[in-house]
Amino acid sequence: MRILFVCLGNICRSPTAEGVLRTLAAREAPELPLEVDSAGTAGYHVGEPPDPRTQQAAARRGYNLTALRARVVEPADFERFDLILGMDEENLRVLRRRAPTHSHERLRLLLDFAPESGSRDVPDPYYGGPNGFEEVLDLVEAATRGLLAHLRQRDRAA
Ligand code: 4NP
């Protein structure tokens, strides 16, 4: 199962989700055959590592994002990935416009997997204060647990 997380710049929210899923899956579901990646809908930061504020907040919770580098979503992603999870509705709209119709069923919001959060969007922390990065982690951790439960079910059904 191949999972792609998508935000705007691929330096804050989607690399956080990539790092959290990689870490939690290795710890809690090592039997799942997962491939995890992230990308942005915009190219402002291509080739850059995650924002230092994102890296520091993630490291405090035990997630190492240092090896990640930003890239833009490309047409092949819509064929390659089984689930393409937008971090907010705006990025999901962009994905719907760019994806071929046959791939639309692969497009979802990450927070569909955290219905108890009461949110649909992981808020963009880039121009806000430090609390925004903690909120990203709280939402991403909750949704990743829901996502892992979904992936276990899917794996059993396959
Ligand atoms: P991300 O955050 O989409 O979570 O990576 C942002 C990163 C950069 C910018 C906006 C949002 N930017 O405008 O450069």
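**Group meeting: overview of a predicted model**

Good morning. Buried residues make up 48% of the 158 residues in the protein chain. Please bear in mind throughout that this is a predicted model.

Let me start with the overall architecture. The protein chain contains five helices and four strands. Read from the N terminus, its elements follow the order β-α-β-α-α-β-α-β-α. The radius of gyration is 14 Å, close to the 15 Å that the globule rule gives for 158 residues, so the chain is as compact as a globular protein of that length. Along the principal axes, the C-alpha atoms fill a box of roughly 40 × 35 × 30 Å.

Two further totals describe the chain. Among contacts with a separation of 6 or more, 73% are between residues 24 or more positions apart. As for the surface, the protein chain exposes about 7,700 Å², and carbon and sulfur atoms supply 50% of that area.

In which sense do strand 1 and strand 2 pair? Their pairing is parallel and extends over six bridges, with strand 2 covering residues 35-40. Within this pair, Ile-3 stands opposite Val-36 of strand 2.

Is Asn-10 buried or exposed? Its relative accessible area is 2%, so Asn-10 counts as buried, the cut-off being under 20%.

My second residue is Gln-55, which belongs to helix 2, spanning residues 52-60. Here the cut-off matters again. Gln-55 has a relative accessible area of 19%, and because buried means under 20%, Gln-55 is classed as buried. Which residues does Gln-55 touch, once those up to four places away in sequence are set aside? They are Pro-49, Pro-50, Leu-65 and Thr-66.

To conclude, I would return to the two residues discussed. Thank you for your attention.

Notes. Residues numbered from 1 in each chain as written. Predicted model: local features only at pLDDT ≥ 70, side-chain atom pairs only at ≥ 80, totals over all residues. Heavy atoms only, no water. Helix = DSSP H or I, 4+ residues; strand = E, 2+ residues; numbered from the N terminus. Buried < 20%, exposed > 50% of the residue type's maximum accessible area, 1.4 Å probe, protein only. Contact = heavy atoms within 4.5 Å. Pairing = 2+ DSSP bridges. Rg over C-alpha atoms; globule rule 2.2 N^0.38 Å. Areas by Shrake-Rupley, 256 points an atom, 1.4 Å probe, with all protein chains shown as cover.
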